[in-house]
Each structure stands twice: as C-alpha cells, then as structure tokens.
Amino acid sequence: MAKNDLVLGIDIGSHSVKVCQLKGAAAGKYNITALGSAMLPEESVSDGNLESPEEVGEVIGQLVKNLKIKNKKVGFTISGYSVIVKKINLAAMKPAELEEHIMSEAEQYIPFDIDDVYIDFQDLHTGTRPDQRTDVMLVAAKKDVVDDYLTMFAGLKLNPVLVDIDGFAFENSYEYNYSANENVALIDIGASKMNINVLANGVSAVARDILIGSNQLTDELADTLGIELDEAEAVKLGTRQIPEMQDKVVEAFNATCTKWVLEIKKAIDLYQANNPQFPLNHIVLSGGGSKVVGLTDFLANETGVPVDLFNPFANLLYNRKKIDPVYLKTIGPEMAIATGIAMRTSII
Ligand SMILES: Nc1ncnc2c1ncn2[C@@H]1O[C@H](COP(=O)(O)OP(=O)(O)OP(=O)(O)O)[C@@H](O)[C@H]1O
Ligand SMILES: [Mg+2]
C-alpha cells in the first residue's frame, strides 16, 4: 500500500485533539510515523459541535506542524446529537437498488429533515438471497455541523477526504489489533461523553452516545470535597493528594463509576435481550476516562464479563528511537479513535 493512500487520522474530542499517521508495512501491518495530542480550550468543542473553529484550527495547525506531518489528506470523526446511527432491516437488494431505496426512504428512519443531512449506509449482509432480509447500518449527519469541520480544515489547507464516527473508528482499530468476530462491548469514555458499540460476532449490534464522561468525575470531586474544579481535576489525575479527604475522594469515585456502570449495563442488557445467541464475552474500554484506577475491576465485578483497557498499538510497528514506549502506554486509551481513522484508505 502506497503511504499516501492512508489518511491522517484526527480525533477532535471536547478535551483534546489526537492525531495519528500510519504507513503501510509488510504483511498488512502498519508503522506509526507520527502521533500526538494537544489540549483544546474549554468549550471550543461541545457535543460534537465546533463552537470555536478558529481556536480548534489553531491547535490542530500547531500540532500538525510540530509533528512535521506532510500528508494533507485527513480523516476525522463526528459524534453527538447531530449524528444518527441506526440499524434498519430491509429486504436484501443489490447495491444500486439499496442506494436508491435508502435515498428515497431515509426520511422515515431519521428525525431530521432529509435536506439537512448527509447520509451514508453499509449493508451488513446478514442476508444475501433475494428472499432474505438484511441489516443495514444507516448514518445521517447534520450538514451544518459537518460543514463547519470542512471549513476549518480548508482554512488549515488540509483536505478532509473521509468522515467517520467515533464508535466505528474504535471498532476499526479493535479489529486490526485484536481478534475479530468476538461478542464485545467497545466503550470509549471521553471527557464529556461515553460511546458504546456492542459487536455481535464482529458486527455492530448496539451503538449509542451517552452524555457522561470524565468531566463528571471532576464535578463530583469538586462537589464532594468542596474544592475548585482545577484542584478536583488534579485530584482525579492523582497529581494532587489530599490525605485528610481520602474517604471523600473514594466516595466521589464510587458515585461516578456507579453511574457509568449503570449506563453500560443498560446497553449490555439491551444487547443481550436482542442477541441471546451471541453472549457477550468481553468488554474493552478506551478514552481518558477509562484510566480511572479500579474501573476495569469494578465493571468486571458488576457485569461478570472480563474487562480490558484497549491498547491501540498492540499490533502496530514503531521505531523505539523516535517514539517512546512509555508515552505510547500512557496515551494508548485516548488514541483508540485516531488510530482507527488512520487505518482508513483515501478513496480520492
Ligand atoms: N487517569 C485518569 N483518570 C481519570 N480521568 C482521566 C485520567 N486521565 C485522563 N482523564 C480524563 O480523560 C479525559 C480526556 O479523555 P479523552 O481524550 O478520551 O477525551 P476527549 O476525546 O477529548 O473527549 P470526548 O470524547 O468526551 O469529547 C479528560 O476529562 C481527562 O481528565
Ligand atoms: Mg473522545
């Protein structure tokens, strides 16, 4: 695979932007050629919307420059309420027929005006014969939200050639790094949202975004301990210790993790009810919020399913003289989505 067939993966979260550049290597593997992240100003990205495109553009421009990235073809993800992901069940059709059907019938599946959204879909081929039905994954994204990103990238002289969604990018990275065809819940816990994508035998069965994330833990710590948000964030990250308040710290962690686990269990229950033939056998966590100490054990105890932190670099090659393995270990969970985008091929 020629190196410039791959896009530069850019994951714009509400807390930070992450970028990953890969290069095709022998035997279908990839080499990491550039990797980095930078914090975004508060409120510059909210619920997947670019609230302050200038500020976000400046951070991305600087990051790309610092990493000496030359690739202009970028892929990015969108998330939040402006994106609808829906699995629909239709009579199996040929690709051209399916496209025509979706474009003429999309209105009945999505709650937005059809003229206001970009539509994409993928036949999951659960049925192929004309007398069978098949599942189709339908994605609709608000044009104005996507266009804000396109305008921002144009301002940076970057060429966005691919738009993905968070959950599917994580799935892509998971499939490359781990065994495919598992019944697995992929859960990304970011700063402001949790994305859940449960795969039945390797195919997405339940996909949802929930507006809870690691910021909630900071708020809970600030409330319970009666401290400012800055200090609460430091306590959360373990860079600040308040020994006399340790009980309250534990209380805040437990309260937040309990809420997270409740939401995860709801999604898993829905999955199990609809897919009894594919019992869930694994939960894999990514995102900065997944680094909360003790969360994996807590979740495993509550669900009875083994839980692991995702390592997006498990199967990637890199030059240890250029990329510090300790840095990779630290940043791993946050890089699930960026690596997943970076494995996508540009079709332009
Ligand atoms: N060790 C840790 N324990 C708890 N939270 C952590 C830890 N390390 C980082 N975080 C939190 O993870 C969040 C950043 O994670 P991430 O980069 O996945 O978010 P994001 O992608 O920017 O946000 P989102 O996807 O929600 O828009 C921050 O809220 C940060 O405080
Ligand atoms: Mg994120």
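**Close-up views of a predicted model**

**View 1. Helices α5 and α6.** The axes of α5 and α6 come within 8 Å and cross at roughly 110 degrees. Helix α5 is therefore roughly perpendicular to α6 (angles of 65 to 115 degrees count as roughly perpendicular, those under 35 as roughly parallel, those over 145 as roughly antiparallel and the rest as oblique). An axis is a line fitted to C-alpha atoms, for helices over the stretch in contact, and angles run from 0 to 180 degrees between N-to-C directions. The crossing is right-handed, a term used if the near helix is turned clockwise from the far one by less than a right angle, with left-handed for anticlockwise. Leu217, Thr218, Leu221, Ala222 and Leu225 in α5 meet Leu229, Ala232, Glu233, Val235 and Lys236 in α6. By class, this contact of α5 with α6 has seven nonpolar, one polar and two charged residues. Contact here requires C-beta atoms, placed from the backbone, within 7 Å. Ala, Val, Leu, Ile, Met, Phe, Trp, Tyr, Cys and Pro count as nonpolar, Asp, Glu, Lys and Arg as charged, and the others, Gly among them, as polar.

This is a predicted model, in which local features need pLDDT of at least 70 and side-chain atom pairs count only at pLDDT 80 or more, while totals for chains, interfaces and linings use all residues. Residues are numbered from 1 along each chain as its sequence is written, and chains are lettered from A and ligands numbered from 1 in the order in which they are written.

**View 2. The surroundings of ligand 1.** Ligand 1 is surrounded by 20 residues, and the closest are Gly13, His15, Gly190, Ala191 and Gly288. A residue is near the ligand if its C-beta atom, placed from the backbone, lies within 6 Å of it. Three nonpolar, 12 polar and five charged residues make up this shell. Helices α5 (214-225) and α6 (229-237) each supply at least two of its residues. The largest share, three residues, comes from α6.

View 3. Strands β1 (residues 8-12) and β2 (residues 16-24) run antiparallel and are joined by four bridges. They form a hairpin with three residues between them, and Gly9 stands opposite Cys20 in β2. Nine bridges join β2 to the antiparallel strand β3 (residues 30-39), where Gly36 stands opposite Val19. The hairpin of β2 and β3 has five residues between the strands, and Ala27 there takes a positive phi near 55 degrees. Two strands pair if DSSP finds at least two bridges between them. Helices (H or I, at least four residues) and strands (E, at least two) are DSSP runs, numbered from the N terminus.

**View 4. The sheet containing β1 and β10.** This open sheet of five strands has mixed pairing and the order β3-β2-β1-β6-β10. Its edge strands, β3 and β10 (159-165), each pair on one side only. The twist averages 20 degrees from one strand to the next. Six bridges pair β6 (residues 73-78) with β10 in the parallel sense, and the bridge partner of Thr77 in β10 is Asp164. Helix α4 (residues 166-177) packs on the sheet, touching β6 and β10, and its direction makes about 90 degrees with that of β10.

**View 5. The sheet containing β13 and β15.** A further open sheet of five strands, also with mixed pairing, has the order β13-β12-β11-β14-β15. At its edges stand β13 (203-210) and β15 (307-309), each with a single partner strand, so one side of each is left without a neighbour in the sheet. Strand β14 (residues 282-286) pairs with β15 in the parallel sense over three bridges.

Conventions:
Contact = placed C-beta atoms within 7 Å.
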